[in-house]
Amino acid sequence: MLLDEDHSAPPSAPLRYHPAVEQPEADEAATADGLVAALLSISETTYRDGGRPLRSVHAKSHALLTGEIEILADLPPVLAQGLFAQPARYPVAMRVSTIPGDLLDDNVSVPRGMALKIIGVPGERLAGSEDDATQDFVMVNGPVFAAPTGKAFLKNLKLLAGTTDKAEGAKKALSTVLQSVESVVEAFGGKSATLVQLGGHPETNPLGETYFTQAPLLYGDYIAKFALVPVSPELTALTNAKVDLSGKPDRLRQAAIDFFHAHGGVWELRAQLCCDLETMPVEDSTVEWPQETSAYVPVARVTVASQEAWSAAKSKAFDDGLSFSPWHGLAAHRPLGSIMRLRKPAYRMSARFRFERNGCPMMEPKASKDISG
């Protein structure tokens, strides 16, 4: 998805957060328990079959990067909030992945994720991360979530859990068919989140993608969604660039390694402020907030130098030693809405499962040296 080019100014009257914008679903606690159980079954299956504890989702990493984020100066008051209140620079860790909880051949082409961890952030913390100094943004390469409610999310996840570590050859064949169907849908001006999630994602380079939080977070006094947008010419050249995955199970990883051997990269972190709950709901993350009402506006710049984009040592540091969660962060950026609330126990369970089995201490980094691999 491309963002509007005119992204220089936030809306003149963004909506201030008030508790009534959040409306918990009936039986949300039971839904949370169901999500934890479904994700645990994925982790137990992959651990039993492979002997290595993996993330319940986003198990396969393609790029593991270190860099720096610069909070932009002279932001207008509505954007100079929380993390973005003052110009500053912080180290970051970035993890590019794909969604399933098993380590699939790249030919099973599914949505991509980008997790961004900002390190050394001062300020009042979210409950459960009081001793930490990080701010995480967990993003996917599409503007909307695949399920409108927690119950629908759980239904989808149970289907995904049932396919874990089964018939990879069939998954490849299905992915090929779904990619063809999705290309027809897109040719007529549409896009099916369901087809893409099931394996119909185009075989393109994930480094050229724009990544979205999909669900909203507090933005100080306001409400926002975030996007991470490639802006350096070398990265934008990869937008929609095809990658030949035939017979190459880890080609996306190799593409990242090749790219960062030769280049660095620059992204903009942009915020889209909510200004109308009718067209920009908090509780239904399947609704794309209209950019003509509120554009994504740059609030920070992420820079990554040329480096080794993936190695066994980096995998141990990132894949085994780090966890990413929207609930690692500042109180000023508390996650909002049912999908975000349900993620809190689910992500905590996944991190605990890995920590208990791999014996690798899992602690939030305090400085860039804590994530070197």
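Visitor: Is glutamine 214 buried or exposed?
Guide: In this predicted model, glutamine 214 has a relative accessibility of 7%, and because buried means under 20%, glutamine 214 counts as buried. Glutamine 214 is found in the loop between strand S5, residues 211-212, and strand S6, residues 217-219.

Visitor: And what is its phi?
Guide: Glutamine 214 has a positive phi of about 70°, although it is not a glycine. Aspartate 74 is also not a glycine and has a positive phi, of about 60°.

Visitor: Where does aspartate 74 sit, then?
Guide: Aspartate 74 is placed in the loop between S1 and S2, and it is exposed, with a relative accessible area of 80%.

Visitor: What about histidine 333, where is that?
Guide: Histidine 333 is in the loop between helix H7, residues 312-320, and H8. The residue is buried, with a relative accessible area of 0%.

Visitor: What is it in contact with?
Guide: Leaving aside neighbours within four places in sequence, histidine 333 is in contact with Gln81, Gly82, Leu83, Phe84, Gln135, Leu217, Leu218, Tyr219 and Gly220. For one of these, leucine 218, the backbone oxygen lies 3.1 Å from a polar atom of the side chain of histidine 333.

Visitor: Can we step back? How many helices and strands are there?
Guide: The secondary structure of the protein comes to eight helices and nine strands. The protein has 373 residues, and buried residues make up 55% of them. If we take the contacts between residues at least 6 apart in sequence, 79% of them join residues at least 24 apart.

Visitor: Let's pick helix H1. What span should it have?
Guide: H1 covers residues 28-50, and at 1.5 Å a residue its 23 residues should span 33 Å; the C-alpha atoms at its ends are 33 Å apart, which agrees.

Visitor: Which of its residues are buried?
Guide: In H1 the buried ones are Glu28, Thr31, Ala32, Gly34, Leu35, Ala38, Leu39, Ile42, Ser43, Thr45 and Thr46. An α-helix has 3.6 residues a turn, so residues three or four places apart point the same way. The buried residues of H1 pack against helix H2, residues 150-162, and helix H8, residues 338-358.

Visitor: And what follows H1?
Guide: H1 is followed by glycine 51, whose phi is positive, near 75°.

Visitor: How far apart are glycine 162 and serine 41?
Guide: They are 121 residues apart in sequence, but from C-alpha to C-alpha they are 8.9 Å apart in space. Glycine 162 is found in helix H2, and it is partly exposed, with a relative accessible area of 39%.

Visitor: What does H6 pack against?
Guide: The buried residues of H6 pack against strand S1, S3, helix H5, S8 and S9. Those buried residues are Leu252, Arg253, Ala255, Ala256, Ile257, Phe259 and Phe260.

Visitor: Changing topic: how many cavities are there?
Guide: A search of the whole structure finds three cavities of 30 Å³ or more, and the largest cavity has a volume of about 80 Å³. Among the residues that line the largest cavity are Lys60, Thr98, Asp102, Arg112 and Leu252.

Visitor: What about the second largest pocket, which residues lie nearest its centre?
Guide: Ser323, Ser325, His328, Tyr347 and Ala351 lie nearest the centre, out of 33 residues that line the pocket. About 630 Å³ of space lies in this pocket.

Visitor: Which element gives the most to that lining?
Guide: H8 gives the most, with nine residues. Strands S2, S3 and S4, along with H8, each supply at least two residues of the lining.

Technical notes:
Residues numbered from 1 in each chain as written. Heavy atoms only, no water. Helix = DSSP H or I, 4+ residues; strand = E, 2+ residues; numbered from the N terminus. Buried < 20%, exposed > 50% of the residue type's maximum accessible area, 1.4 Å probe, protein only. Contact = heavy atoms within 4.5 Å. Expected span 1.5 Å × (residues − 1). Polar contact = N/O pair within 3.5 Å; in protein donor to acceptor, adjacent residues only side chain to side chain. 1 Å grid on protein atoms, 1.4 Å probe; cavity = no way out; pocket = protein on both sides within 12 Å on 5 of 7 lines; lining within 4 Å. Points joined across faces, edges and corners; volume = space filled by probe spheres on them.
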